[in-house]
Amino acid sequence: MIAAHRPAAALRRALLGIPALLVLAAPAVAATPESTPATGPSWLAKLGRDFDKSSLGRVGALGPNEQDPELQAPAPQGGRWLRQGFDLRGADLFRFTCRSCHGAGGRGLPPEVLPLVDRVRATSAELQKKQESTAAADRAVTAEQLLRHRIEAGGPSMPGFDFFSPDEEDVLIAYLERLAGIPDPKHVDRSLKVPVDRVGELIVKGTCQTCHDSSRVPGAKPAPWPIPTLDSLPSSHSARAFVPASRHRGQAGLHGRGPEVSYLRDQELEAAYFYLTAYPAH
Ligand code: HEC
Ligand code: HEC
């Protein structure tokens, strides 16, 4: 499980022109699960939901930007992140895997996307106590188990995130506690050193796969306009062209139908490209 992304190393070098020595000198990145390729249809396709009637994947830019930049790891400088990995904090995990549906403040877009903060507030014994005096601590513990289950298993119209490492889930929950403003947080947000392919995997599985199929689904009826499959992107787009294309700005000044993902940094979208190249979707 902890094997450190070997198939990726040679590619990373080839793609990005990093001297071999520097790659070999990279520190082992601890306890990050091996990445796996994106597979299967998009989440919208799995739900059978009409793109035009759904806001899934398009809520990320809505609402005030309540995300405190101090809670995010600083933008990676120069090329060092390519070999040493990203510093990832709970706020970053939230941007990569929750924000596109739940928005910056976690309020969602009811009735389709429910706000997530209430479920997090339920994990606070302090807040529970204010309502009723008995067994607040027990109920808070149960609520946290439910929250973890919700994250790992998803819901009727929410995908599950069973590929988070225990550390990733803990820092994400630490951030959610902060977002929900609970007075007695039980988890500590800290920075995790995470390799570039993992960052790409989190973004692709946590954001892009809501709309993009991994590969052409045999027998699927064609969409009214094409959403390119993830497996086609490394050959249809160079690394350089991929970043602006991922912002769905469309052509000739017309905005595309996909989200602008303005809250994802260029380096993070490059990481998504790197991941799609190193772990071809199928
Ligand atoms: C593809 C869109 C999507 C993504 C990505 C997503 N969610 Fe959700 N989430 C939903 C929808 C839709 C609902 C409400 C319907 C349902 O229960 O499935 C929901 C509901 C929830 C709820 C329960 C709210 C309630 O009151 O019952 C929690 C908690 C939650 N999400 C947390 C998260 C977290 C944490 C992440 C990131 C790891 C995340 N979600 C990522 C779509 C998403
Ligand atoms: C809400 C749905 C949705 C989500 C989420 C989404 N896309 Fe898209 N994407 C589209 C649609 C629709 C198109 C077709 C072109 C258009 O209308 O913008 C598209 C097209 C693209 C293209 C080709 C654009 C071009 O001009 O060549 C790229 C590259 C792309 N998406 C990358 C991404 C990446 C990377 C992510 C995740 C960070 C992502 N998309 C998330 C809907 C989405």
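These are my notes from a look through this predicted model.

**Overall make-up**
I started with the secondary structure, and the protein comes to 14 helices and 2 strands. Next I checked burial: of the 282 residues in the protein, 37% are buried. Then I turned to contacts with a separation of 6 or more, and found that 71% of them join residues 24 or more positions apart.

**Helix H5**
Which residues of H5 are buried? My list reads Gly90, Ala91, Asp92, Leu93, Phe94, Arg95, Phe96 and Thr97.

I also wanted the partners: what do these buried residues pack against? One is a strand, S1 (86–88). The others are helices: H6 (99–102), H10 (166–179) and H11 (196–206).

**Around ligand 2**
How many residues surround ligand 2? I got 25, and the closest are Gly57, Cys208, Cys211, Gly256 and Gly258. I then asked which elements give two or more residues to this shell, and noted helix H13 (239–246) and helix H14 (266–278). H13 gives the most, with 3 residues.

Last, I sorted the shell around ligand 2 by class. I wrote down 12 nonpolar and 11 polar residues, plus 2 charged ones.

Terms used
Residues numbered from 1 in each chain as written. Chains lettered and ligands numbered in written order. Predicted model: local features only at pLDDT ≥ 70, side-chain atom pairs only at ≥ 80, totals over all residues. Near = placed C-beta within 6 Å. Helix = DSSP H or I, 4+ residues; strand = E, 2+ residues; numbered from the N terminus. Nonpolar A, V, L, I, M, F, W, Y, C, P; charged D, E, K, R; others polar. Buried ≥ 20, exposed ≤ 12 C-beta atoms within 10 Å, placed from the backbone. Contact = placed C-beta atoms within 7 Å.
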